[in-house]
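Please look through the structure shown here before reading the report that follows.

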Amino acid sequence: MFIFLFLMASGAVVGYRFRCVSKIHKVTSLIQVVICFLLFILGFSIGTNRLIMDNLKYFCEQAALIAGLSILGSSVAALLVYQLFFKKGGDYEG
Amino acid sequence: MKGSLAILLFFLLGCASGVYYHVDFDIHQLSVYVLYVLMILLGINLGCNQDLKGFARSFNLKLLLVPVATVMGTFLFSALAGFILSRWSIFDCIAVGSGFAYYSVSSVLITQLKTPSIGMQLATELGTIALLANIFREMVALIGAPLIYRFFGRLAPISAAGIGSADILLASISKYSGKEAIPIAVMHGILINVSVPFFVSLFCNL
């Protein structure tokens, strides 16, 4: 856990230090490439796994349940925050 | 949307390749090293983000309530899934939920971080569920924005979007929640983006 956070924090320091260098902003495209590669690897390890491939519908059902509950939970919480703290002023500045 | 489709395409391509081909080297170890590179790149992207200055200038403590609502609501309701899905613990379900639609990073992180504790097989299954759940979240937030706005108010499309509130879903948020919501949506997206590796790592280790 700490390795990931440490690497991200180190990257943030480097990014801040070189924020004026125009080439560093191309990092977004590089991130997309690395993510595609990582997802390819994840897909590959799933593809080689017969147990997962044979039960894909089962995993989709579980994923849909967690996704549905996450959206419902965050929406209900947002509604509460809006009603309690933002609605009075009629705008977002409160 | 184009980026999401490309990611989905690479994932499906990987699945198809995995079904038909086998490799001799340790693919798990390779993904760990690539993930290290990704974490550094994400940090660099955050550090050189020009929006951060504007965000710091327009910062208002009250606006923090929106990402807090997103995080708390997601955690509470994802925990409910832990009671329904007997295969996974409450913390596993919260770890999946704490991807906040950041399917690429959360799925890979969960697979890596859960492997030592529950083994490669279960960790890959949970990573798959995280990938699918967070893709579903982004899709539902995108397609269902008008309904979410209608039933849960102006801030709900921002919360439902998760990290997508700062980029892919910004247009639909602006359409339904109003242009005034854009600064909140961007700030929300940045904060949730930063929090994903932290929360996923935290709940994977509980």
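This is a predicted model: local features need pLDDT of at least 70, side-chain atom pairs count only at pLDDT 80 or more; totals for chains, interfaces and linings use all residues.

The phi angle of F100(B) is near 45 degrees, which is a positive value in a residue other than glycine. Most residues other than glycine have a negative phi. F100(B) has 31 other C-beta atoms within 10 Å and is therefore buried, the cut-off for this class being 20 or more.

## The build of chain B

How many helices and strands make up the secondary structure of chain B? There are 10 helices and 0 strands, so that, read from the N terminus on, the order of elements in chain B is α-α-α-α-α-α-α-α-α-α. Along the principal axes, the C-alpha atoms of chain B fill a box of roughly 55 × 40 × 30 Å.

The radius of gyration of chain B is 17 Å, and this agrees with a compact globule, because a globule of 206 residues would have a value near 17 Å. Of the 206 residues in chain B, 55% are buried. Among the contacts in chain B with a separation of 6 or more, 65% are between residues 24 or more positions apart.

## A160(B) and its neighbours

Helix α8 of chain B, which covers residues 156-161, contains A160(B). This residue, A160(B), counts as buried because 33 C-beta neighbours lie inside 10 Å.

Which residues does A160(B) touch, not counting those up to four places away in sequence? From chain A they are I71(A), S74(A) and S75(A), and from chain B they are A141(B) and I148(B). F25(B), by contrast, is 135 residues from A160(B) along the chain, and the C-alpha atoms of these two residues are separated by 40 Å.

## The contact between the chains

The contact between chain A and chain B takes 68 residues from chain A and 85 residues from chain B. On the side of chain A that touches chain B, the elements that give two or more residues are α1 (2-17), α2 (27-47), α3 (50-54) and α4 (56-86) of chain A. The largest share of this side comes from α4(A), with 24 residues.

Sorted by class, the side of chain A that touches chain B has 49 nonpolar residues, 17 polar residues and 2 charged residues.

## Confidence, domains and annotation in chain A

The average pLDDT of chain A is 83, and 90% of the residues score at least 70. Within chain A, confidence is highest in α4(A), at a mean of 93, and lowest in α3(A), at 78. The domain assignment divides chain A into domain 1 (1-53) and domain 2 (55-94), and the C-alpha centres of these two domains of chain A lie 27 Å apart.

An unreviewed UniProt entry gives the annotation "transmembrane region" to residues 29-52 and 64-85 of chain A. In the model, residues 29-52 of chain A are 92% helix and 0% strand, with end C-alpha atoms 31 Å apart. Residues 64-85 of chain A are 100% helix and 0% strand, and the end C-alpha atoms of this span lie 31 Å apart.

Methods. Residues are numbered from 1 along each chain as its sequence is written. Chains are lettered from A and ligands numbered from 1 in the order in which they are written. Two residues are in contact if their C-beta atoms, placed from the backbone, lie within 7 Å. Helices (H or I, at least four residues) and strands (E, at least two) are DSSP runs, numbered from the N terminus. Ala, Val, Leu, Ile, Met, Phe, Trp, Tyr, Cys and Pro count as nonpolar, Asp, Glu, Lys and Arg as charged, and the others, Gly among them, as polar. A residue is buried if 20 or more other C-beta atoms lie within 10 Å of its own, exposed if 12 or fewer, and partly exposed in between; C-beta atoms are placed from the backbone. pLDDT is the predictor's confidence in each residue, from 0 to 100. UniProt positions are given in the numbering used here, feature names are shortened, and annotations may be inferred rather than shown by experiment. Domain bounds come from an automatic or database domain assignment. The radius of gyration is taken over C-alpha atoms; the globule rule is 2.2 Å times the number of residues to the power 0.38.
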